[in-house]
Amino acid sequence: MGAGISGISAAWHLQERCPSKSYAILERRENIGGTWDLFKYPGIRSDSDMYTLGFRFKPWTSEKAIADGPDILAYIKETAAEFGIDKHIRTAHTVTAAEWSDADNRWTVTVDKGDETIKLTSSFLFAASGYYNYDEGYSPTFVGSEDFKGPIIHPQHWPEDLDYAGKKIVVIGSGATAVTLIPALVKTGAGHVTMLQRSPTFIGSLPAIDPFAVKANKYLPPKLAYIANRWKAILFSTFQYQLSRRYPDYMRKTLLTMAKRRLPEGYDVNKHFNPRYNPWDERLCLAPNGDLFRTIRKGQADVVTDTIERFTETGIQLTSGDHIDADIIITATGLNLRLFGGAAIRRNGEPVDLTTTMAYKGMMLSSIPNMTFTIGYTNASWTLKADLVSEYFCRVLNYMDDNGFDTFVPEHPGDSVEERPLMDFTPGYVLRALDTLPKAGERAPWRLKQNYLLDIRLIRQGKVGDQALRFSKHRTPVAV
């Protein structure tokens, strides 16, 4: 389910490691690429370096570490075509339900093709649809929104014909989308842009072109250069995250100093860029080459930290008494979570209550047979985790073939393992969905540590046949 990064990763690993298996990829959209086909707002780009957002099996060779959305989409399409994966993709196929039958030992997947509904069966189901609701983003209710005379736009549904040349724009929000949008809007003709935030976000700066990669590509053979660039990126992001968690005050000071050096003298950095939470309690936003800070320093954008009282005909009235004039309001207020593309998951005709399940190695759910899903890292590149999940899934399939099994299912550990939230991460879109998500446990294999180096050991090198994952051979009942 899904022809984005996770689905392409799963397909390549199946072809490479389980060549006897057949597969189909069902993609609800008309095109492949997932996130990178959906989002069209100005400046859309990666917030992870491309040496790790790129696939392990398909090196990203450019020196451009932070890539634009169209370049990433082209890379995904190129990968699918190069390895013949595109021939297995069925676009405009929306999975509305998936039901496991113990009697048949099969999944039956209900698919909406627009003009008809079809059912497909399979031995295994791989959910590579991410965790966002791709139909609608999160849009809080703003008093007076019907009074505003200009357009109100959520970036998830960006109108490609929007004329914002010379216009005054307010971007509500301070997450990755807002940090990306504001410099891009200014660069492409906006008059003035205001980032309106209720509370600050940590924002770091990295060079868009990695100087290490420039030298590696110049002096090393291509294969060695790719390995060096990839592992440098992995180790740097791991070190940065671990440093943030162990020494949050030091990392806070470092990020604020970085911002202060790039902003006008006397700028109130503490008010606008110093969050109440610690670094990496929420994902750290990235400003390539400090573009957001540079835009503010040039006077082309500003930041207002306040709360909204109401929308007016000409802008936004703040609770402080100030008013921000606007021709266009953009609600970069976040996304909604939705697992498995919103498909209903059932077993033997009964809906599965996901909140009663526990995630095994962050990729399989207790009591649901022959199903795997991908949720990428929240503190590093999504693809690092996607490739590990795909690799482990193939290890499980080969283990089953070697030992005469055809069914796997994680066994819920019961009270022996304390429940924890599925995601060790506290942004608004996660907190809003916690009561609908599966659980994690307080120890492995029911809990992962958001650490690629540790996950290599647990997922790539760990035993497949452990006590928590039960394997069996289905026996068809004999008629009497």
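Lys and Arg count as positive here, Asp and Glu as negative. The model is predicted.

**Exercise 1. Positive patch**

Task: Which residues gather in a patch of positive charge on the surface?

Solution: 
1. The patch consists of Lys187, Arg294, Arg297 and Lys298.

**Exercise 2. Nonpolar patch**

Task: Find the residues of the nonpolar surface patch. Which helix gives the most to the patch? Is Leu453 buried, partly exposed or exposed?

Solution: 
1. The surface patch is formed by Tyr219, Leu220, Leu224, Ile227, Trp231, Leu235 and Leu453.
2. Together these residues have about 650 Å² of accessible area.
3. Helix H7, residues 222–246, gives the most, with four residues.
4. Leu453 sits in helix H13, residues 452–460.
5. The relative accessibility of Leu453 is 34%, so Leu453 counts as partly exposed.

**Exercise 3. Strand E22**

Task: Sort the side chains of strand E22 by direction. Are they buried or exposed? How many bridges join E22 to strand E25, and which residue of E25 stands opposite Pro410?

Solution: 
1. E22 spans residues 407–410.
2. Thr407 and Val409 point one way, whereas Phe408 and Pro410 point the other way.
3. All of them are buried.
4. E25 covers residues 469–472 and is joined to E22 by four bridges.
5. The two strands run antiparallel.
6. Opposite Pro410 stands Leu469 of E25.

Note on methods. Residues numbered from 1 in each chain as written. Predicted model: local features only at pLDDT ≥ 70, side-chain atom pairs only at ≥ 80, totals over all residues. Heavy atoms only, no water. Patch = residues over 30% accessible without salt bridge, like charges linked within 9 Å, V, L, I, M, F, W, Y side chains within 5 Å. Areas by Shrake-Rupley, 256 points an atom, 1.4 Å probe, with all protein chains shown as cover. Salt bridge = Lys/Arg side-chain N within 4 Å of Asp/Glu carboxyl O. Buried < 20%, exposed > 50% of the residue type's maximum accessible area, 1.4 Å probe, protein only. Charge placed at Lys NZ, Arg CZ, Asp CG, Glu CD. Pairing = 2+ DSSP bridges.
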